[in-house]
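Here is a short briefing for a first look at this structure. Keep the view open while you read.

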Amino acid sequence: MKYIYFIIITLFISFEGLSQSSVVWLSYHKPMKGKGMELSNAIKDKTQKYNQGQNDSKLYTFSVMAGPRQGEFLRVGMGPTWKDFDNWSPDSKEMDYWRDNVAPLIESSSGREYFERVDAASYDMSKPGENSVGLMIHYNIGGNPNHFWKVRRNAVKAIKESGESVTMNVWRSAGGGPQNHIIVAFSYKNMEEYGNAQKVWDKVGAKYDEIYGAGSWNTDWGLLRGSLEMWGAQTEITRFLPELSSPPIALQ
């Protein structure tokens with residue numbers, strides 16, 4: 001119990017100074033067998049009906065193309081601030097429509113989990129909606145979180161100084177999931193750009209070594225991996241579905 005308490009306090013201290021600007025929630029939906037297209041159309045109809053206006057809740061849909069949840073739909077609700085979620089009501093017409101027309105096509109859903117964006121560890125110069133392919137890395141920190149956040153913050157400086165085009169948003173769980181759950185989300189224009197990502201990161205790594213000292217890139221990544229729980233890093237590939245989503249907006 002003392003060890004768990006220590007980890008919680010350490011995580012809290014390590015988050016000091018890591019400001020957040022945007023808040024989102026995530027949930028996954030597995031379609032009933034043979035009902036994937038019907039569920040897609042139902043989500044599309046609901047989103048077009050209730051989530052297109054300036055004052056409507058902002059919801060974005062992705063198909064999971066690779067990972068344990070392959071074939072499921074990922075729904076992301078954007079605040080973009082905590083205050084914006086105060087208008088949500090389980091008794092609204094929007095939720096009634098979901099229960100009557102969408103939910104019957106869903107075999108199972110994950111619980112909703114809220115995340116705050118870690119601005120100091122994120123770098124996103126993309127235009128809203130221009131990227132369609134995503135790589136999400138789910139991390140669970142089990143050791144010293146300072147090792148994790150050091151390389152994530154330093155990488156942003158290396159990206160900027162390298163001049164490479166990288167879209168990277170880092171999110172920490174803020175409710176509904178493990179307190180040590182972090183998502184690092186990358187986005188790309190297409191699968192070709194995704195396939196060329198390693199070449200980009202080789203250049204970022206070279207700039208990282210130039211800034212922080214020879215060999216620091218490999219050393220710091222080794223420390224990051226050592227800060228994770230066993231099997232504490234899992235990936236999934238997603239594709240953005242604009243017709244099943246609100247109009248894209250820029251992160252705050």
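The model is predicted.

**Helix H7**
- Helix H7 spans residues 216-226, and its buried residues are Ser216, Trp217, Asp220, Trp221 and Leu224.
- Seen down the axis of H7, these buried residues fall within an arc of 125°, so they line one face of the helix.
- The face turned away from the buried side carries the exposed residues Asn218, Arg225 and Gly226.
- The buried residues of H7 pack against strand E6 (133-141), helix H4 (145-162), helix H6 (197-212) and strand E9 (228-240).

**Aromatic rings**
- The whole structure holds 13 aromatic pairs.
- One of them joins tyrosine 188 and tyrosine 194, edge-to-face, at 5.5 Å centre to centre and 75° between the planes.
- Tyrosine 188 is buried at 9% relative accessibility, whereas tyrosine 194 is partly exposed at 24%.
- The ring centres of tryptophan 217 and tryptophan 221 are 5.7 Å apart and their planes stand at 70°, so this pair is edge-to-face.
- Tryptophan 217 and tryptophan 221 are four residues apart in helix H7, so about one helical turn separates them.
- Ring pairs link Phe186, Trp201, Tyr208, Tyr212, Trp217 and Trp221 into a cluster.

**Glutamate 94**
- Glutamate 94 is found in helix H3 (residues 93-102).
- Glutamate 94 counts as buried, at 18% relative accessibility.
- Its side chain makes a polar contact of 2.6 Å with that of lysine 46.
- Beyond four places away in sequence, glutamate 94 touches Lys46, Tyr50, Asn51, Ser57 and Leu59.

**Arginines over rings**
- Arginine 112 lies over the face of tryptophan 25, 3.7 Å from the ring centre.
- Arginine 152 lies over the face of phenylalanine 148, at 6.0 Å from the ring centre.

How values were computed
Residues are numbered from 1 along each chain as its sequence is written. This is a predicted model: local features need pLDDT of at least 70, side-chain atom pairs count only at pLDDT 80 or more; totals for chains, interfaces and linings use all residues. Side-chain values use heavy atoms; hydrogens and water are left out. Buried means under 20% relative accessible area, exposed over 50%, partly exposed in between (1.4 Å probe, protein chains only). Helices (H or I, at least four residues) and strands (E, at least two) are DSSP runs, numbered from the N terminus. The arc is that of the directions from the helix axis to the C-beta atoms. Contact means heavy atoms within 4.5 Å. A polar contact is a pair of N or O atoms within 3.5 Å; within protein, one must be able to donate a hydrogen and the other to accept it, and residues adjacent in sequence count only if both atoms are side-chain atoms. Rings of Phe, Tyr and Trp (its six-membered ring) pair if their centres lie within 6.5 Å; planes under 30 degrees apart count as stacked, over 60 as edge-to-face and the rest as tilted. A charge sits over a ring if NZ of Lys or CZ of Arg is within 6 Å of the ring centre and within 35 degrees of the ring normal.
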